[in-house]
Structures are given as C-alpha cells and as structure tokens.
Amino acid sequence: MSGVTDRPFRDYIRSLGQGQVVTEMIASEAAIREIKDSRKLNQAIDDEPGIIVQLAGTEPALIAEAARMMEGRGAHAIDLNFGCPARKVVHKASGSALMRDETLCRAIFETVRKAISVPLTVKMRLGWDDDSFNAPKLARLAERAGLDGITVHGRTRCQFYKGQADWTRVGAVVDATSLPVLVNGDICSLEDADRALACSGAAGVMIGRGAQDRPWLIDQAVDHLAGRAPRAAPDAGARCEQLSALIEGMLSYHGTAHGLRQVRKHVSSALVGMDGAAAFRKAANTTDDPAQMLASIRAFFCEAEGVVAAPDTTPAPGSALLAVAA
Ligand SMILES: Cc1cc2nc3c(=O)[nH]c(=O)nc-3n(C[C@H](O)[C@H](O)[C@H](O)COP(=O)(O)O)c2cc1C
C-alpha cells in the first residue's frame, strides 16, 4: 500500500509472524532509473525475505524491464498493479485505467511473463465501472499468458473506496479461471475473511487497511485459514513494544525528521479504538523529539494496560490457504 508498506513497515509485519507482504506500488520507470543510476531505490528490497514487488506502468516493455531488474535484485514474485484508482495514476493510463484496454493488458501480461521466471501475479478491481465488469475476461487473459495468480479488490475503479466491496462478484472471476484468486476489500476480521471466502469461493484473502490498526490480524488469519486456533491478539504491553520497535525502525531507515513524519500515521492507527487516545495522539504526533514520542507512547500504554481488551476474533476454522498483506 502506497505510503504504508515501506521497508520498515514490511520488516515490522514480518517480525510479528508469517504474513506475506508486498511492496508499495513502484512506478516501472522510476525503478529502472534508480537501479541504473545506483541511486537508493525508493523501495529498497535487497535481502528482503520472500518479497513480492508490485509494479505500475503502461508500456509493456518498460514494465518487463523493471520486472527483470527487480528479479535480479531478489524479488521473489512480481505483482502488476491494475487496480490503483488515483487520478494522477489513471491520468497516466496506469493502475485501474489499464482495465479499459484489454489488448494492452494482454500485451503487458505476455511481455512481462517472458521477461521473468519468478511468479507473476496481477491485482485488479472488478472493472472500470458498473457497466464494464471485465475482471473475469482479464483473468482468462492472465491465465492464457501464464500468470500465477490474481487478486481482486471487489470494487470498480469509479467506486474508489466507497460502498462495500462486493465479494460475490469476485466469485465470477474465480469461476472464470483456474488460477488461484485472492479476494480483497473490507476484510477486517476473521469473520469477514470467512464471509469473503464463502461469497467468492476464492483461494485466499488479501488484507489491506484492516492490518494497519491491527497488524496481528494477518497472522491470526494465517492461523485461522490453516485450520489452527488463531494466536491471541497482543496485550497493551506487547502492543507498546511492537509500536516502539516500528518507530525505531522507521527513524533508523528514513532518518529522524522524515521518519517522524512517516511514522505518525502508524501511531494514529495503533491507537484506533483505545480509550483516551485522542489527547495522547495529538501529543505524540506533534513532537519533533523521537525520545519524547517514545516516552509518551510508553506512558500511554502503561496506563492502558489491563484496560485494552483483546478483540475476540475466533470463528470456526475456514478451509482456504493464504492470507496476505498488501
Ligand atoms: C493508502 C492506500 C494505499 C494503497 N496503495 C496500494 C498500492 O500501492 N497497491 C495496491 O495494489 N493497492 C493499494 N491500495 C489498495 C489496497 O491494497 C486494497 O486493495 C484496498 O484498500 C481494499 O482492501 P482493504 O479494504 O483490505 O484495505 C491502497 C489503499 C490505500 C487505502
């Protein structure tokens, strides 16, 4: 997720357990430029275990070149972004705009497939709008071109993030292909994961925003979908340690000034639903002193210890295989 799943956040998610993480969307042109110039890649992936790199772009040859370079740098899989609804991306005919040009989609699938040997997947929406629900057709094109999997966010581009993700319509994509399909959109609990799988028949789930405020949901979902009892949500003390480790990782990776700005969204997310968080959030997110931020987080969680009830998310085990953080 752009602005969220940077390297320190991905390391943090991995440190919690076994969730599979994906980079932020990386523009193919920028990836090529930065690798060729030996400039620090915006999205460093070197030595990153099992990393999936998501690429955006329009030109098949450029996306293929970026994919080849990323494979050379250790990407374990490449995911193609056919789902981003942002105007600045769509105006460059990239992201979800690609879904409007099926000939181009096919060319991208085939050209990138030929360029790399690691698994290749695509993440898309249901279509551009309600009148162009072509995700099933694109899934067939992806399968014919030799892709390895598909994720479908159950909204159209024109919906952006409004309304509810339609997991049942994702089922039409599942029916159209023999590739594994992950269902995505509005999965914020284990019950949601069960419902999304039941409605769609998908092989697994992808969790985005739900993992921002409750990162442990990913590993609970991995347990649950593997038929094991989900591990317990962390108590206030463990949440404090996890958040402090994330802050330290962000500061060390981005430097103090930029790191502080970047980590504020995570501090806000970590406090969602906690009593008395508003005043504390303001204090923690307005200081320019990392020691002060860390000290106030510790003070807040110390006070909250015993007050934070672990959410009960333990429905019957499901049958699907995979949980992934985007
Ligand atoms: C801030 C933000 C950034 C996102 N960045 C990306 C991205 O880089 N690549 C991508 O495939 N999807 C991206 N998405 C979409 C999510 O991956 C996901 O498809 C969408 O949020 C619906 O799933 P969710 O309800 O589990 O979050 C982003 C979403 C948000 C809110």
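## The loop holding Phe 160

Phe 160 sits in the loop that joins strand 5 (149-153) to helix 7 (167-176). Helices (H or I, at least four residues) and strands (E, at least two) are DSSP runs numbered from the N terminus. The model is a predicted one, in which local features need pLDDT of at least 70 and side-chain atom pairs count only at pLDDT 80 or more, while totals for chains, interfaces and linings use all residues. Residue numbers start from 1 along each chain, as its sequence is written.

Although Phe 160 is not a glycine, its phi is positive, at about 50°. Most residues other than glycine have a negative phi. Phe 160 is partly exposed because 13 other C-beta atoms lie within 10 Å. On this scale a residue is buried if 20 or more other C-beta atoms lie within 10 Å of its own, exposed if 12 or fewer, and partly exposed in between, with C-beta atoms placed from the backbone.

Asp 186 belongs to the loop between strand 6 (181-184) and helix 8 (190-200). This residue is not a glycine either, and its phi is positive, near 65°. Is Asp 186 buried or exposed? Asp 186 counts as buried, because 21 C-beta neighbours lie inside 10 Å.

## Helix 10

Helix 10 covers residues 216-225 and is mostly covered, with nine of its 10 residues buried. Among the buried residues are Trp 216, Leu 217, Ile 218, Ala 221, Val 222 and Leu 225. The buried set also includes Asp 219, Gln 220 and His 224.

## Val 263 in helix 12

Val 263 is part of helix 12 (residues 256-270). Val 263 is buried because 25 other C-beta atoms lie within 10 Å. Leaving aside residues up to four places away in sequence, Val 263 touches Leu 246, Ile 247 and Met 250. Two residues are in contact if their C-beta atoms, placed from the backbone, lie within 7 Å. Leu 243 is 20 residues from Val 263 in sequence, and their C-alpha atoms are 9.6 Å apart in space.

## Two domains

The domain assignment divides the chain into domain 1 (7-230 + 318-325) and domain 2 (236-304); such bounds come from an automatic or database assignment. The C-alpha centres of domain 1 and domain 2 are 29 Å apart.

Seven residues of domain 1 are in contact with nine residues of domain 2. On the domain 1 side, helix 1 (7-16) and helix 9 (210-213) are the elements that give two or more residues. Helix 1 gives the most, with five residues. By class, the side of domain 1 that touches domain 2 has three nonpolar, one polar and three charged residues. Here Ala, Val, Leu, Ile, Met, Phe, Trp, Tyr, Cys and Pro count as nonpolar, Asp, Glu, Lys and Arg as charged, and the others, Gly among them, as polar.

## The chain as a whole

The secondary structure of the chain comprises 14 helices and eight strands. Along its principal axes the C-alpha trace spans about 60 × 50 × 30 Å. The chain has a radius of gyration of 20 Å, which agrees with the value near 20 Å for a compact globule of 326 residues. The radius is taken over C-alpha atoms, and the globule rule is 2.2 Å times the number of residues to the power 0.38.

Of the 326 residues in the chain, 45% are buried. Among contacts with a separation of 6 or more, 68% involve residues 24 or more positions apart.
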